[in-house]
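Please work through the following exercises with the structure in view. Each task is followed by a solution in steps.

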Amino acid sequence: MSDKSEKSNKLKARLPRGLADRGPAEIAATREMIEKIRAVYELYGFEPVETPAIEYTDALGKFLPDQDRPNEGVFSFLDDDEQWLSLRYDLTAPLARYVAENFDTLPKPYRSYRVGNVFRNEKPGPGRFRQFMQFDADTVGSSSPAADAELCMMAADAMEALGIPRGSYVVKIWNRKCLDGVREASGAPIEKTLQVLRAVDKKDRVGLVGVQELLAKGRRDESGDFTKGAELSVAANNFITYSLTPMGVGYSTDQLFPHEVLRTADTAPRKPFEIGEFRSRIMAGLGGRAFPIDLEAGLIELTQIQELVRRAGYTDRIIIDETVVRGLEYYTGPVFEVDLTFPITNDDGKPVRFGSVSAGGRYDGLVSRFRGEPVPATGFSIGVSRLLAALQHLGKVEARAEAGPVVVTVFDKDRIADYQQMVASLRNAGIRAELYLGSGKFGPQMKYADKRNAPCVVIRGSDEKAKGEVTIKDLIVGAELAKLEKGREEHLQKQAEAQRAVPEAQLVEAVRAVLARHKLGPR
């Protein structure tokens, strides 16, 4: 239904919730960041591929954790041939369809990267958007833990290529098999697996107390919305929370952990993960019961990855962390995320860690849905907007628009063809240029050039035409000039640079000199 005022038939310009417009400055900064990441991916031998934003709904599957949302978090619609179509919610599910459809012609393992917008039918909120950009890299066709380790190394190298210093980020790894093993060991019913995973996945947002509530009857968030819990037994609830952190205390089977104990565990400094300590903790919780097979298999894979990371020299950048959970259902093995560790200030003015900017894992069953045979795969995804915000916070990228085009002003509309010829000569020389096509006089034209972030303007009025000249006005120097005290030597020098007349035949040369002065160059 359109939003119209009672006093007017005009539509109200409005942006739907959970979406955002992007201007030239953000687009330029994003492009700069993406090119640096792309260079790392290609250094590792990955090649680009693109898939459409719309896929058949059954091809995508519904693996999102948002089962309480319409269409389980996916934007879907019925086509005129009675087929359900959906906007992609990530770049991995479409890749699985692409690989399955082109399986016989693709090299295996198949290493590819993709960048594009994805869409989630999520409840909008601070930092939660319905459309956002991801940059993915995947290896399909290799079951080796080396493929998982390599992706983690590539993620670490991408962070450093962007200027994020070592010590300000960490790549954390865990294993979905370990999570399944913990669920089994806790005694939680297998049909509660997804609810358990989704509860644990929210640990960073809601803390151990929130996880406990989600494993019990449920949790009410700050907005008042209630999320129904898994309703596990006390013993199962305690075992799972106990597995997430070395709390230094055992657990009871008849009384939930007090909230104070969980909050203390949440805020205690974390020691480096040790597989031996974790195994001992779980065995103590089992109380003599058999160690779960899935958990053992997951720990073996983590041990192999740990050794590969050590041999490659990434020990200080890639660590094992039992709190890593990815919410998507299709993960089957190692899961990982890139966490930025430097502090930022939250809405309450308190320092908090920036948090995750990239995540992924092994999904050995996704391509197999189409093939009917095992097709191992692993990959990770960078959240482009979130990573850009981190780089801006660190001062590694500026969200400012690139220099705009050279603007050729119009003094006499009867000579528009002459002005167009000047624009064409600049473009033919590889210089971005545009002819002012508005209706304003000289003042508004200069304001327009300023808003366009033009480095200079070309002026040719009747005086210049009579002399066979053009005037080049350097707007960047002009802006600097306005800040200087008049009459001083620097002011006089800048004044000479800000504007000069040259023969018309030297137009291109003069504009190139302005661009070179500001290290812009033709492009």
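**Exercise 1.** Does serine 142 count as buried or exposed, and at what relative accessibility?

*Solution.* This is a predicted model, in which local features need pLDDT of at least 70, side-chain atom pairs count only at pLDDT 80 or more, and totals for chains, interfaces and linings use all residues. Residues are numbered from 1 along each chain as its sequence is written, and side-chain values use heavy atoms, with hydrogens and water left out.

Step 1. Buried means under 20% relative accessible area, exposed over 50%, and partly exposed in between (1.4 Å probe, protein chains only).

Step 2. Serine 142 has 14% relative accessibility, so serine 142 is buried.

**Exercise 2.** Identify the residues that serine 142 touches, not counting residues up to four places away in sequence.

*Solution.* Step 1. Contact requires heavy atoms within 4.5 Å.

Step 2. On this basis, the partners of serine 142 beyond four places in sequence are Pro109, Ala147, Arg362, Pro376 and Ala377.

**Exercise 3.** Classify the pair formed by the rings of tyrosine 98 and tyrosine 110.

*Solution.* Step 1. Rings of Phe, Tyr and Trp (its six-membered ring) pair if their centres lie within 6.5 Å; planes under 30 degrees apart count as stacked, over 60 as edge-to-face and the rest as tilted.

Step 2. This rule gives 13 aromatic pairs.

Step 3. For tyrosine 98 and tyrosine 110, the ring centres are 6.4 Å apart and the planes stand at 35°, so the pair is tilted.

Step 4. Both tyrosine 98 and tyrosine 110 are buried.

**Exercise 4.** Which residues form one aromatic cluster?

*Solution.* One such cluster consists of Tyr41, Tyr113, Phe135 and Phe380.
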